[in-house]
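Colleague: Please show me the model, and I will ask how its terms are applied.

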Amino acid sequence: AQGARSGLETTLWGRDPEAIATMASTGRNVRYLADVPLPPALHYTADLAHAVREADLVLIVVPSHAFTRTARDVAPLKRAGVGVAWATKGFEPGSGRFLHEVAQEVFGPETPLCVLTGPSFAREVAQGLPTAVTAHAFDPQFAQIVARALHGPTFRVYTGTDMIGAELGGAMKNVLAVATGVADGMQLGLNARSGLITRGLNEMLRLGEALGARAETLMGLSGLGDLVLTCTGDLSRNRRLGLALGQGKTVAEAVREIGQVVESVQTVDEVMRLANRHGLDLPISAQVQRVLHGEITPGEGLAWLMAREQKPEYPV
Ligand SMILES: NC(=O)C1=CN([C@@H]2O[C@H](COP(=O)(O)OP(=O)(O)OC[C@H]3O[C@@H](n4cnc5c(N)ncnc54)[C@H](OP(=O)(O)O)[C@@H]3O)[C@@H](O)[C@H]2O)C=CC1
Ligand SMILES: O=C(CO)COP(=O)(O)O
């Protein structure tokens with residue numbers, strides 16, 4: 001929809017023909033954002049080939065567990081040389097691969113690839129509220145093409161070439177939002193929230209260093225920016241999962257009530273897989289994993305974090 005708002009001829013594909021038909025007839029996304037009108041110029045289709053065949057640019061926005069399948073469906077349909085961008089946040093479940101690694105394999109080395117990420121609740125973007133995000137691509141020219149396509153008066157798109165950092169920030173902030181949500185759900189106060197955000201950022205930076213991310217990226221919109229938004233904004237589904245757990249609900253109950261993708265549930269396993277592979281101790285992410293797997297209660301996770309040995313904030 002942001003493409004249509006920026007004046008591009010844009011076709012929206014969705015897997016549910018009924019939902020697509022309703023959007024076409026009402027001009028609204030009745031299921032998720034019923035009160036926000038969609039741009040009049042947007043076209044709709046439930047036929048992926050129809051959406052992709054003539055496209056000059058493809059933007060994939062599905063949950064991470066559906067990314068590989070969707071990319072494989074798109075690959076034979078799009079014209080050669082047409083670039084692919086995505087706003088999905090997370091890893092390929094089960095393998096821990098970055099989505100750009102999946103995309104490189106599925107689309108081949110000749111296809112320009114770009115991740116669009118940053119602090120951007122969909123509802124606020126749809127309402128036209130001011131938003132700043134990043135477009136990272138190994139090829140700076142393609143990052144520029146994606147940024148120009150989506151940039152507009154209320155939507156600033158900054159470019160970069162650090163796909164690892166951009167994707168890591170977007171994935172890890174979802175896990176860390178569960179931790180701050182839990183603390184807020186347990187009414188542990190604002191000090192706890194800030195402590196968790198800052199030590200969470202430290203986990204992001206340490207894993208980022210091991211994986212080859214640039215620290216600036218993680219200190220920018222796609223790292224710290226999205227971390228702060230998701231840890232503090234109640235529009236976040238990952239934060240709301242944490243809030244519900246902190247209030248004593250089960251993971252299954254909370255996810256059912258949220259009714260949309262809650263990326264942290266799968267992302268946490270992939271974050272810990274990467275951390276273990278690199279021999280890193282990420283205490284907050286590790287406790288989120290144990291809580292999400294039902295191995296410990298949020299209270300036990302917190303007690304464990306507070307009981308850790310005293311140490312320097314940064315190793316000297
Ligand atoms: N919402 C937000 O504020 C933001 C979300 N993101 C990221 O974008 C991604 C999508 O999030 P969001 O749009 O909110 O998630 P939703 O849960 O709303 O799902 C998005 C769309 O993907 C469709 N979908 C789900 N599973 C499949 C599948 N197996 N094959 C094809 N389509 C599928 C859904 O269809 P159906 O309705 O039929 O289930 C829905 O239309 C996530 O990775 C999220 O982290 C990034 C920035 C902001
Ligand atoms: O990524 C988001 C905002 O940038 C949306 O966060 P949630 O997936 O937690 O709702």
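Colleague: Which of the 21 residues around ligand 1 come nearest?

Modeller: Ala66, Lys89, Ala122, Gln260 and Val261. A residue is near a molecule if its C-beta atom, placed from the backbone, lies within 6 Å of it. This is a predicted model, in which local features need pLDDT of at least 70 and side-chain atom pairs count only at pLDDT 80 or more, while totals for chains, interfaces and linings use all residues. Residues are numbered from 1 along each chain as its sequence is written, and chains are lettered from A and ligands numbered from 1 in the order in which they are written.

Colleague: Why is ligand 1 said to lie between domain 1 and domain 2?

Modeller: Domain 1 (2–161) and domain 2 (164–306) both give residues to its shell, so ligand 1 lies between them. The domain bounds come from an automatic or database domain assignment.

Colleague: What makes H11 largely enclosed by the rest of the structure?

Modeller: A residue is buried if 20 or more other C-beta atoms, placed from the backbone, lie within 10 Å of its own, exposed if 12 or fewer, and partly exposed in between. In H11, 10 of the 12 residues are buried, so this helix is largely enclosed. Asp226 is one of the buried residues.

Notes:
Helix = DSSP H or I, 4+ residues; strand = E, 2+ residues; numbered from the N terminus.
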